[in-house]
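Reader: Hi, can you walk me through a protein model? I'm new to this.

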Amino acid sequence: MTWAPPTGVLGRIVAESMARVAELRADPAASRALERDLPAASAAPSFHDALLGEHVAVIAEVKRRSPSKGEINNALAAADQARAYVAGGAAAISVLTEPAHFAGSLDDLREVCAAVHVPVLRKDFIVDELQLLEARAAGAAAALLIARALSPALLARLFGFAREVGLDALVEVRSQPELDRALEIGAPVIGVNERDLETLEMEPEVRERLLPRIPSRAAAVAESGIRTADDVERAAILGADAVLVGSSLSASTEPEGAVRALASVRRRGRS
């Protein structure tokens with residue numbers, strides 16, 4: 001299947017991300033500062049390893065708003081939310097850093113990385129190596145790479161660069177060709193997103209089809225649509241090692257308890 005640039009909501013957000021990167025690249029001093037900060041970044045725990053415990057790992061997300069949900073919790077304090085998640089048993093934290101549609105920031109990422117001992121994922125629409133430098137300099141252990149947003153060549157290039165700077169990559173897929181590309185580059189963590197980011201429609205059959213096809217050498221993550229322990233159980237039956245949970249946890253008035261309610265489902269593994 002020939003790759004074509006994303007359209008719809010994803011296409012617009014990717015274009016905005018590219019524009020922000022162009023502004024960053026136009027300032028050579030900013031790029032040099034990122035490179036200087038990289039050696040000072042503290043060693044991050046393994047994101048991949050954190051997802052392979054006895055139970056289905058909960059990757060709890062710090063998210064204030066989204067294009068599909070609108071406002072979720074604009075009052076959310078990133079570091080406090082992350083600490084509550086960890087107290088409830090979260091194996092890792094995901095931080096939305098996209099500013100225009102998710103009200104996130106690199107400051108959120110830095111604050112969370114300083115506040116918790118578990119691995120932290122930068123979740124954004126990454127299209128350039130500078131964004132990976134930003135993630136690592138902030139202390140992140142991993143970064144999201146969305147296969148639909150990136151040409152096969154750019155996906156491979158960014159994945160390789162992430163490894164060079166000490167980041168795991170969560171490669172997000174929604175089709176068999178995208179899964180094939182993730183496997184070809186050796187992605188250690190592969191996420192299957194029920195939500196079509198171009199249309200924002202939910203398609204549960206995507207998870208049902210792709211999760212069981214992820215080889216056991218990679219950690220498999222079920223993304224979107226996880227709200228209850230029953231949802232985690234269904235993901236476990238499909239072979240998920242982890243679930244990424246955003247809106248329901250970020251909206252909760254008791255985030256510690258909300259994570260705890262999801263974190264006791266046993267992993268089944270995949271054949």
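Author: Here is a short tour, from the whole chain down to single residues. This is a predicted model: local features need pLDDT of at least 70, side-chain atom pairs count only at pLDDT 80 or more, and totals for chains, interfaces and linings use all residues. Residues are numbered from 1 along each chain as its sequence is written, and side-chain values use heavy atoms, with hydrogens and water left out.

Reader: How many helices and strands does the protein have?

Author: There are 13 helices and ten strands. Helices (H or I, at least four residues) and strands (E, at least two) are DSSP runs, numbered from the N terminus.

Reader: Why call it as compact as a globular protein of that length?

Author: Its radius of gyration is 17 Å, close to the 18 Å that the globule rule gives for 271 residues, so the protein is as compact as a globular protein of that length. The radius is taken over C-alpha atoms, and the rule is 2.2 Å times the number of residues to the power 0.38. The C-alpha atoms fill a box of roughly 50 × 45 × 35 Å along the principal axes.

Reader: And what share of the residues is buried?

Author: 56% of the 271 residues count as buried. Buried means under 20% relative accessible area, exposed over 50%, and partly exposed in between (1.4 Å probe, protein chains only).

Reader: What about contacts in the protein between residues 24 or more positions apart?

Author: Such pairs make up 69% of the contacts with a separation of 6 or more. Contact means heavy atoms within 4.5 Å.

Reader: New topic. Is helix H7 mostly covered or uncovered?

Author: Mostly covered. H7 spans residues 129-138, and nine of its ten residues are buried. Among them are Leu130, Leu132 and Leu133, but also Glu129, Glu134 and Arg136.

Reader: What sits at the N-terminal end of H7?

Author: Aspartate 128 caps that end. One of its side-chain oxygens lies 2.8 Å from the backbone nitrogen of leucine 130. After H7 comes glycine 139, with a positive phi near 105 degrees.

Reader: Now glutamate 198. Where is it?

Author: Glutamate 198 is in the loop between strand S8 (189-193) and helix H10 (204-210). It is buried, because its relative accessible area is 17%.

Reader: Which side chain does it pair with?

Author: The side chain of arginine 148, through a polar contact of 3.2 Å. A polar contact is a pair of N or O atoms within 3.5 Å; within protein, one must be able to donate a hydrogen and the other to accept it, and residues adjacent in sequence count only if both atoms are side-chain atoms. Not counting residues up to four places away in sequence, glutamate 198 also touches Pro6, Thr7, Gly8, Val9 and Leu10.

Reader: Which residues have a positive phi without being glycine?

Author: Two examples. Leucine 200 has phi near 70 degrees. It is also in the loop between S8 and H10, and it is partly exposed at 21% relative accessible area. Serine 224 has phi near 75 degrees. Its loop runs between strand S9 (219-223) and helix H11 (229-237). Serine 224 counts as buried, at 19%.

Reader: Last one: valine 116. Buried or exposed?

Author: Buried, at 12% relative accessibility. Valine 116 lies in the loop between helix H6 (106-115) and strand S5 (120-123). Beyond its neighbours within four places in sequence, it contacts Ala82, Arg83, Val86 and Ile93. Alanine 82 is 34 residues away in sequence, yet 7.0 Å away in space, C-alpha to C-alpha.
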